[in-house]
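Good morning, everyone. Please bring up the model on your screens.

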Amino acid sequence: MDMQEVSFSYEMKTLNMVRNRNLVRIAGYCIRDGFGFIVYEYMQGGTLFEVLHQSKPHIALDWKVRYHIAQGLSYLHHDCVPLIIHRYYKSSNILMDSELEPKIADSGMAKLAHDSNKSYTMSSIVGTLGYIAPENGYSTRLSEKCDVYSYGVVLLELLCRKLPVDPSFDEGLDIVSWVNMSLETSGEGCPFCFLDEEIHFWTEDEKSKALELLSLALSCTQLSCDDRPSMRKLVGSLLKLNG
C-alpha cells in the first residue's frame, strides 16, 4: 500500500470516528488499483453550489433557509466529536437534503484536532482558490482559523450569490475583496446593492439580520487569523442573531 492509499485509509477511519449531524454519512469505501471509492448517503438536494449558481428554475432562499444553512455549517466544529479541521470548506462540498439541510462531504476533511488551539503541518498546501485562507498560500500550517476563513467565504457566497472568484469581478478580486470594496464605495445609503437581489424584498427585520450575518462573514475573513472568531464564538453569535 503506497502513501496515498495509507492516507486515504486513515482519513476514512477518522471519518468513521466522527459523529455530527452535519456530516454526510459514509456507507462504505474501498481501494482498488490505486483508486479510492467512497459511497455516501444519497442527498436529494444536490450541492449548495448548484442551488446558488446552477439551479434552473432559480431556487428562492428566504432568510430562514439561509440562516439554517449558516447555522448547520457552523455546528461542524462546535458539535463535532472528535473535533476535525475540514480543510475543504466550499459550496461544492456542501450537500443538501430535500429540506435544504446542509451536510459536508469530502474525504479531505479528516484531520483530527484534539486541541482546537493547535495547528498542524500538512505535506502540501491544500484548499481551493477563493476559499483558501491567506496564510495557507505560503504555509502548510493548518488551524481551525483556516476553516473559519473558508466558512466566511461560503457565507458571503450565500448572501451575494456570487462565486468566490466571479467573472463579474474586476481582475485580481475575490469575493472577500469585492464585498469590502463594495461596502466602501456604496456607503451606508446602499448596503444591499451588492447582495442577492432576493434579499431586497425581505422584511426590514430580515434585512437587518442579513447585515448582521454579513458582518459575521467579514469577521471570519479577516486577513490575520488572530482577528477571526473561533467557531464556538460564531455559533453563539448565530444563536443570538435568530433569537
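Start at Gly130, which is buried at a relative accessible area of 7%. Buried means under 20% relative accessible area, exposed means over 50%, and partly exposed lies in between, with a 1.4 Å probe and protein chains only. Gly130 sits in the loop between strand S7 (120-121) and strand S8 (141-142). Helices (H or I, at least four residues) and strands (E, at least two) are DSSP runs, numbered from the N terminus.

Before going on, a word on the source. This is a predicted model: local features need pLDDT of at least 70, side-chain atom pairs count only at pLDDT 80 or more, and totals for chains, interfaces and linings use all residues. Residues are numbered from 1 along each chain as its sequence is written, and side-chain values use heavy atoms, with hydrogens and water left out.

What does Gly130 touch, not counting residues up to four places away in sequence? Val153, Pro164 and Val165. Contact here means heavy atoms within 4.5 Å. Gly130 and Lys90 are 40 residues apart in sequence, and their C-alpha atoms are 9.1 Å apart in space.

Next, Asp174. This residue lies in the loop between H4 and H5. Asp174 has a relative accessible area of 22%, so it is partly exposed. Leaving aside neighbours within four places in sequence, Asp174 contacts Tyr149, Pro164, Val165 and Phe169. From Asp174 to Val153 is 21 residues in sequence and 9.6 Å in space, C-alpha to C-alpha.

On to helix H5, residues 175-186. At 1.5 Å a residue, its 12 residues should span 16 Å, and the end C-alpha atoms are 16 Å apart, which agrees. The expected span is 1.5 Å times one less than the number of residues. Which residues of H5 are buried? Ile175, Val176, Trp178, Val179, Ser182 and Ser186. They cover an arc of only 165 degrees around the axis, so they lie on the same side of H5. That arc is taken from the directions from the helix axis to the C-beta atoms. The face turned away from the buried side of H5 carries the exposed residues Glu184 and Thr185. The buried residues of H5 pack against helix H4 (144-160) and helix H6 (204-220).

Now H6 and its partner, helix H7 (residues 231-241). Their axes come within 11 Å and cross at roughly 170 degrees. That makes H6 roughly antiparallel to H7. Axes are lines fitted to C-alpha atoms, for helices over the stretch in contact, with angles from 0 to 180 degrees between N-to-C directions. Under 35 degrees counts as roughly parallel, over 145 as roughly antiparallel, 65 to 115 as roughly perpendicular, and the rest as oblique.

Who meets whom? Lys209, Glu212, Leu213, Leu216 and Cys220 in H6 meet Leu234, Ser237, Leu238 and Leu241 in H7. Take Lys209: at 15% relative accessibility, this lysine counts as buried. Beyond its neighbours within four places in sequence, Lys209 is in contact with Trp63, Leu241 and Asn242.

H7 has a buried side too: Met231, Leu234, Val235, Leu238 and Leu241. They cover an arc of only 120 degrees, which puts them on the same side of H7. Turned away from that side are the exposed residues Arg232, Lys233 and Lys240.

Finally, the whole chain. There are 7 helices and 8 strands. Of the 243 residues, 52% count as buried.
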